[in-house]
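I opened this model to look up a few local features. The notes follow in the order in which I took them.

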Amino acid sequence: MLILDSLTGHLILIDKLAATNMNPNIINWAYSFLTNRKQIVTLSNKTSSKLKTSTGSPQGCVLSPILFSIYTDELRSSSENQLVINYADDTLILELLTQHQQSELQSTRDTTSEWCTNNKLLINDSKTKALTCSFSCS
């Protein structure tokens, strides 16, 4: 998932941090960490000019998976047959069905899509996959 609107996404994260009653100094530090960042790229002894980043949190940073986990903590399934797992910038929905149960994956996908829209995240449809495993002997 990719944050579409960085400033809005950062403010949503800050609101989520504040809702945890986190120390305001840590919240301010997190906001400062996420905003007005500049990056450069070096390849074969050539270095690009500094460019201000405007989305998400820095890749490869230890804090990025933690911040994403906080950001997506409320993204869960209401189905008792499903488990939603978030890590780094990925979300996995697992569903275990007994023989005559109907899948609720499409409903969960729709709810997840709506949640992502409301939280300024973009689902990468080209990376979205479904895998069905059957343990039946029929």
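**Nonpolar patch**

I began at the surface, where Leu83, Ile85, Leu92 and Leu94 make up a nonpolar patch with about 330 Å² of accessible area together. Patch members have over 30% relative accessible area and no salt bridge; like charges are joined within 9 Å, and nonpolar side chains (Val, Leu, Ile, Met, Phe, Trp, Tyr) within 5 Å. A salt bridge here is a side-chain nitrogen of Lys or Arg within 4 Å of a carboxyl oxygen of Asp or Glu. Areas are Shrake-Rupley values with a 1.4 Å probe, and for residues only the protein chains shown count as cover. Strand 6 (82-87) and strand 7 (90-95) are the elements that give two or more residues to the patch. I then checked Leu92 in strand 7: it is partly exposed, at 44% relative accessible area. Buried means under 20% relative accessible area, exposed over 50%, and partly exposed in between (1.4 Å probe, protein chains only).

**Model and conventions**

I note that the model is predicted: local features need pLDDT of at least 70, side-chain atom pairs count only at pLDDT 80 or more, and totals for chains, interfaces and linings use all residues. Residues are numbered from 1 along each chain as its sequence is written, and side-chain values use heavy atoms, with hydrogens and water left out. The mean pLDDT (the predictor's confidence in each residue, from 0 to 100) is 80, and 90% of the residues reach 70 or more. Confidence is lowest in strand 1 (residues 2-3), with a mean of 46, and highest in strand 4 (residues 46-47), at 93.

**Overall layout**

I find 4 helices and 8 strands, in the order β-α-α-β-β-β-β-α-β-β-α-β along the sequence. These are DSSP runs numbered from the N terminus: helices are H or I with at least four residues, strands E with at least two. Of the 138 residues, 26% count as buried. The accessible surface is about 10400 Å², and 54% of that belongs to carbon and sulfur atoms. Among contacts (heavy atoms within 4.5 Å) with a separation of 6 or more, 43% join residues 24 or more positions apart.

At 22% relative accessibility, Glu95 is partly exposed. Beyond four places in sequence, Glu95 is in contact with Asn81, Gln82, Ser103, Glu104 and Leu105. Its C-alpha is 8.9 Å from that of Glu80, 15 residues apart in sequence. Leu131 lies in the segment after strand 8 (121-122) and is exposed at 74%.

**Helix 3**

Which residues of helix 3 are buried? I list Ser64, Pro65, Leu67, Phe68 and Tyr71. They sit on the same side of helix 3, because they cover an arc of only 165 degrees around the axis. The arc is taken from the directions from the helix axis to the C-beta atoms. Ser64, in helix 3 (residues 63-71), has a relative accessible area of 13%. Ser64 touches Ser57 and Pro58, not counting residues up to four places away.

**Positive phi**

Most residues other than glycine have a negative phi. I noted Asn21, with a positive phi of about 60 degrees, in the loop between helix 1 (6-19) and helix 2 (24-34). Asn21 is exposed, at 71%. Lys120 also has a positive phi, near 60 degrees; its loop runs between helix 4 (105-118) and strand 8. Lys120 is partly exposed, at 30%.
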